[in-house]
Amino acid sequence: MNRRYSSSSAADLTSATDWQVDDASLSWAQQQGHLARLGEQGLQAADAKWRHYRSAWSPRPTAAWAADWQSWIAREHTPAPQRPNLYALPGGSPAPQAGMTKADQHMAALLAAVDEPTGTE
């Protein structure tokens, strides 16, 4: 038999939802100033948003997810008070919820959107 086998196998692949932010990616975020720019909660919100958008993607090697995650974080917007609230989200309202940061509000809206039935079940 004269077959060639790749050094990577299906066992080396993982989904975006199962991929864990590694120390190298966290170090990169800190060194590049993204952690300071977004704050810890903003980084967590960006991570949750990335996972939501990538959850339907096919499994990939962890290095590919790390590169994609870093690219996403580099493009993520800094939380800013002058940005309008998004009222069009399910359950959204013009009044911000007391005691929640913008990152918390975003995460709550994201989770509400994920949990909302789509009618395709």
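**Ground rules.** I work from a predicted model, where local features need pLDDT of at least 70 and side-chain atom pairs count only at pLDDT 80 or more, while totals for chains, interfaces and linings use all residues. Residues are numbered from 1 along each chain as its sequence is written, and side-chain values use heavy atoms, with hydrogens and water left out.

**Entry 1: salt bridges.** I searched the whole structure for salt bridges (a side-chain nitrogen of Lys or Arg within 4 Å of a carboxyl oxygen of Asp or Glu) and got three.

I looked up Arg 51 and found a salt bridge to Asp 47, with 2.8 Å between the closest N and O atoms. Both residues sit in helix H2 (residues 34-54), four residues apart, which is about one turn of the helix. Next I checked burial, with buried meaning under 20% relative accessible area, exposed over 50% and partly exposed in between (1.4 Å probe, protein chains only). Arg 51 counts as buried because its relative accessibility is 16%, and Asp 47 counts as buried at 15%.

Then I went to Glu 76, which forms a salt bridge with Lys 49, closest N and O atoms 2.7 Å apart. Glu 76 is in the loop between helix H3 (62-75) and helix H4 (102-115) and Lys 49 is in helix H2, so this pair ties together parts that are 27 residues apart in sequence. I have both Glu 76 and Lys 49 down as buried.

My other pair is Arg 54 with Asp 68, whose side chains meet in a salt bridge at 2.6 Å, N to O. This one links distant parts of the chain, with Arg 54 in helix H2 and Asp 68 in helix H3, 14 residues apart. Arg 54 is buried at 10% relative accessible area, and Asp 68 is buried at 15% relative accessibility.

**Entry 2: tryptophan rings.** I paired rings of Phe, Tyr and Trp (its six-membered ring) if their centres lie within 6.5 Å, calling planes under 30 degrees apart stacked, over 60 edge-to-face and the rest tilted. That gave me five aromatic pairs. Trp 19 and Trp 69 have ring centres 6.0 Å apart and planes at 50°, so I logged the pair as tilted. Trp 19 lies in the loop between strand S1 (13-14) and helix H1 (23-31) and Trp 69 in helix H3, so the pair ties together parts 50 residues apart in sequence. Both Trp 19 and Trp 69 are buried.

Trp 57 and Trp 65 also make a tilted pair, because their centres are 6.2 Å apart and their planes at 40°. Trp 57 is partly exposed at 39% relative accessible area, whereas Trp 65 is buried at 0% relative accessibility.

**Entry 3: charges over rings.** My test was NZ of Lys or CZ of Arg within 6 Å of the ring centre and within 35 degrees of the ring normal. The charged end of Arg 54 sits over the ring of Trp 57, 4.2 Å from its centre. Arg 60 has its charged end over the ring of Trp 65, 4.9 Å from the centre.

**Entry 4: the core.** I took a nonpolar core as buried Ala, Val, Leu, Ile, Met, Phe, Trp, Tyr and Cys residues joined through side-chain atoms within 4.5 Å. The largest has 13 residues, and Trp 19, Trp 50, Trp 69 and Ile 73 have the most contacts inside it. H1, H2 and H3 each supply at least two residues of this core, and H3 gives the most, with five.
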